[in-house]
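Thanks, everyone. Let's look at salt bridges today. Here is the model.

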Amino acid sequence: MVKRSMSKTQLRENHCAHISSAISQADSAFQSGVWSKSSVIHRSKTLSRLARILEERLPDLAVIESQQTGRPIREMKTQLGRLPEWLDYFAALIRTQQGFVAPTQGNLLNYVTRVPLGVVAQITPFNHPLLIGIKKIAPALAAGNSVIVKPSELAPISVLEFAEMATEAGIPPHVLSVLPGGASTGKEIVSSPLIRKIDVTAGTPTGRAIGSIAGQNLASYVAELGGKAPIVVFDDADVESAVNGVAFSAFVASGQTCVSGTRLIVQDGIYDSFMKRFIEKVQSITKRIGDPLNPLSTMGPVVSRSALERVIRMVSNSPRKVAFGGERLTGASPLDGYDYSKGYFYPPTIIDNVETEDELWQEEVFGPVLVVKRFKEESVGLRLANECKYGLGAGIWTSDLSRAHRVSAGIEAGLCWVNTHHRNDPSSPWGGMKQSGIGRENGVEALESYSQSKSVIVNVSSVEEMREKDDWFAERSGERRYG
């Protein structure tokens, strides 16, 4: 027993030493200037080169992503096909960045530039391993930082593969490092005083814990956390489009995204016809759940046993009516005979007539579970949409343009889609309100969050003027400037 205890202690010490060494090497690379002080043109060209390498490897990466997450190959091919855009976008954006001259009073030239932060840490989740990784890595590298990534222990392989591509593209050693591991690895990384920014995608409790560490070290902090997206369907919506859109919002990635449509709010006048067609749609999806590597498969399993147990527990504990689904899939797939016992398969599930105080209304399930509630007036629909502690994503379905603008302005969410869902672009800010996080990914905001302004103030007065006006402690009297 003593030997085993010492062995575990020694293993942890070695693990911590490895993390500390990686962070120190990243800091040394930053201080050397090999990347941090390289020209914008050099960084831009390197990121563009990385984008082209990534494009070539996408078919293999899609298979890896599907195998490690269980998500259907169709989803991964489509999602990964857009990832080079993030590298191309930030490669272009840094070429357009300009400093400015501040209108400082007096004979002073005050120019302002932006400089990188240093070593930054990124904690990424299992559900979109490479997408979320690249969303964070691209602006961090573009700004000139050294980057430490801790991918989910459930899905690290594609991020490790990407780091090798970065080396091939010309990113210098130790400028991009990937450190796989669990929660203890993440805590060890973010606790380092050398880390100047932490960027995390995780659940809200994890975000709070990491945020407290960032505060202690006075590190910058960005967090994309939990969500419970409302989808509000008004009477004037096109029913077929809304049915298709709601199904996509709720069940793509088996409901394992922070912007999954999880609270469906349908207006009375359309409720019955909508729900009839929606359940037919969900029945069709369920019949076509099969082997994740089958291009015809509609949904994959949830990622782990613990994830499945959480879904089962939350649905079982609900006192409300299960309109569809609600039990783990067993047996063989009607689509292709795939054995459901090979994964943690759970069907699209609809629970009707929930109350706003119910756990399923308030808490993130992170599985293919959708709760439904009806409303009469627009104001009630808006109130229901906001009656939740989260505020990441939201959706509105209506053909009334004025209503679309009015309701989207009133919804407390960082992302609001009208007649669509889950649209994403490297130029479009992505982040939450309330308990869904702080800061933004994507766009100019993301690039600027990975740098800091530096003000240089130059006295352009002549020597004679400086001697006359700038000697604060001069024995002779006269006006002097202070500040």
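**Salt bridges, pair by pair**

R52 and E55 form a salt bridge, with the closest N and O atoms 2.9 Å apart. By salt bridge I mean a side-chain nitrogen of Lys or Arg within 4 Å of a carboxyl oxygen of Asp or Glu. Keep in mind that this is a predicted model: local features need pLDDT of at least 70, side-chain atom pairs count only at pLDDT 80 or more, and totals for chains, interfaces and linings use all residues. Residues are numbered from 1 along each chain as its sequence is written, and side-chain values use heavy atoms, leaving out hydrogens and water.

Back to the pair. R52 and E55 sit three residues apart in helix α2 (residues 40-69), so about one helical turn separates them. Helices here are DSSP runs of H or I, at least four residues; strands are runs of E, at least two; both are numbered from the N terminus. R52 is partly exposed at 34% relative accessibility. E55 is partly exposed too, at 38%. The cut-offs: buried is under 20% relative accessible area, exposed is over 50%, partly exposed is in between, with a 1.4 Å probe and protein chains only.

Next, K136 and D199. Their side chains meet in a salt bridge at 2.7 Å, N to O. This one links distant parts of the chain: K136 is in helix α5 (residues 129-142), D199 in strand β6 (residues 195-201), 63 residues apart. Buried or exposed, K136? Buried, at 0%. D199 is buried as well, at 3%.

Finally, the total. By this rule, the count is 22 salt bridges.
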